[in-house]
Amino acid sequence: MRADTAGAGMRAAVIHRYGGPEEFRTETVPEPVAGPGQVLIDVTLAGLNYADLHCRAGEYARYPLPAVLGADVVGRRRGDGRRVAALLRSGGGYAQVACAEAAHTVELPDDVADEQALALLEQGTTAYGALTLAGRLRPGETVAVTSAAGGVGHLAVQLARELGAGRVLALASTPEKREFARSLGADRALDPGDPDLAERLAAESGGVDLFVDLVGGRVLRAGLDALAPFGRLLSVGARGGAEESFSVDELADRSAGLLGFWLQHVLADRVLFAGVAERLFGLAAERRLVARIDRTVPLSGVAGAHRALAARETMGKVLVDVRRED
């Protein structure tokens with residue numbers, strides 16, 4: 001979202017050109033103005049997502065500059081003061097006021113804290129949609145999840161268990177992250193850098209039924225090689241991994257399916273989006289789904305948080321308290 005949209009003043013983390021984390025500046029900019037079908041939100045917390053790194057570098061969505069990034073927020077809706085969380089398809093989250101499509105906004109139950117609601121809305125909807133809508137997980141199946149300590153991955157591990165997976169395998173890059181994944185309910189946690197990853201996955205499971213990948217590259221290839229007959233390889237996103245291609249014959253040899261998932265298709269269906277959010281918040285209220293908050297930074301800490309996310313130093317969700325500058 002452009003940082004010079006007309007309106008009263010607010011504080012925000014702004015970029016004036018695309019590049020590295022050092023491009024962020026904390027500035028006073030005009031508040032956004034809501035158009036038809038939109039609402040204004042007085043933001044309490046904004047979320048960091050891996051896609052934000054690509055937006056900042058100009059490798060993904062290129063917003064007019066100067067721009068405020070950030071795709072998810074929680075706060076109070078102007079007009080009625082209700083607690084809401086929202087997904088922002090045009091950015092604007094790293095600010096004290098955000099403009100959201102009303103259809104992409106959900107009200108929060110009283111028994112779900114702002115931090116949990118924000119951590120669940122973007123990443124939780126992605127994890128749930130990947131497992132159920134695209135992956136069509138069936139009870140008793142074996143699921144493998146890459147980047148299992150990340151924002152989407154750590155929720156996917158919990159949700160796979162909640163949805164009745166017979167066995168959950170987690171892939172994570174460090175011993176600490178693998179231990180975290182096991183604490184979430186993973187049966188085994190494996191090193192994605194293992195040169196024999198496909199063989200180890202197959203040995204642990206007798207063949208993976210659903211391989212949920214957020215990494216790409218050679219890990220995606222290992223997932224294909226570890227699939228059981230009629231297994232599904234599901235790509236949710238690639239964190240800079242080299243592109244991987246598969247022939248139709250390779251898929252046919254395994255009776256395998258190659259799938260993708262994009263959150264936009266959930267957002268396009270208001271009834272579906274609201275239903276998934278309600279399901280996630282219900283699980284959170286019962287403590288059957290718990291998002292890990294890695295850290296909460298002030299507006300001045302956005303650059304450092306981007307660096308930490310890029311270096312894969314985080315586990316779970318990173319938040320921005322837009323009410324704080326230092």
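Reader: Is R77 buried or exposed, and what makes it so?

Author: This is a predicted model, and the values are computed from it. R77 has a relative accessible area of 16%. Buried means under 20%, so R77 counts as buried.

Reader: Why is the pair R77 and E107 called a salt bridge?

Author: The label requires a side-chain nitrogen of Lys or Arg within 4 Å of a carboxyl oxygen of Asp or Glu. The side chains of R77 and E107 meet with N and O 2.6 Å apart, and that value meets the cut-off of 4 Å. The two residues are 30 places apart in the chain: R77 belongs to strand β4 (residues 72-77), and E107 belongs to strand β7 (residues 105-107).

Reader: How do you know that E107 is partly exposed?

Author: E107 has a relative accessible area of 36%.

Reader: What makes R17 exposed, and what makes E23 buried?

Author: Exposed means over 50%; R17 has 54% and therefore gets that label. E23 has a relative accessible area of 10%, and the limit for buried is under 20%, so E23 is buried. E23 and R17 form a salt bridge, with 3.0 Å between the closest N and O atoms.

Reader: Why is the pair R161 and D187 said to tie parts of the chain together?

Author: Their side chains meet in a salt bridge, at 2.6 Å from N to O. R161 sits in helix α3 (residues 153-162), whereas D187 sits in the loop between α4 (175-183) and β10 (188-190), so the pair ties together parts that are 26 residues apart in sequence. R161 is partly exposed at 29% relative accessible area, and D187 is partly exposed at 31%.

Reader: How many salt bridges does a search of the whole structure find, and which residues do shared partners join into one network?

Author: The search finds 25 salt bridges. Shared partners join R77, D80, R82 and E107 into one network.

Reader: Why does R232 count as buried?

Author: R232 has 10% relative accessibility. The limit for buried is under 20%, so R232 counts as buried.

Reader: What makes the pair R232 and E141 a polar contact?

Author: A polar contact needs a pair of N or O atoms within 3.5 Å. The side chains of R232 and E141 make such a contact at 2.8 Å. A polar atom of the R232 side chain also lies 3.2 Å from the backbone oxygen of R136.

Reader: How do you know that strands β11 and β12 pair?

Author: Pairing needs at least two bridges. Five bridges join β11 (residues 208-213) to β12, and the two strands run parallel. F211 stands opposite L233 in β12.

Reader: What makes β10 and β13 edge strands?

Author: The open sheet has six strands in the order β10-β9-β8-β11-β12-β13, with parallel pairing. β10 and β13 (257-260) each pair on one side only, and they are the edge strands. From one strand to the next, the twist averages 20°.

Reader: Which strands does helix α6 lie across?

Author: Helix α6 (residues 218-225) lies across β9 (167-171), β11 and β12, and runs at about 155° to β12.

How values were computed. Residues numbered from 1 in each chain as written. Predicted model: local features only at pLDDT ≥ 70, side-chain atom pairs only at ≥ 80, totals over all residues. Heavy atoms only, no water. Buried < 20%, exposed > 50% of the residue type's maximum accessible area, 1.4 Å probe, protein only. Polar contact = N/O pair within 3.5 Å; in protein donor to acceptor, adjacent residues only side chain to side chain. Helix = DSSP H or I, 4+ residues; strand = E, 2+ residues; numbered from the N terminus. Axes fitted to C-alpha atoms, helices over the stretch in contact; angles between N-to-C directions. Contact = heavy atoms within 4.5 Å.
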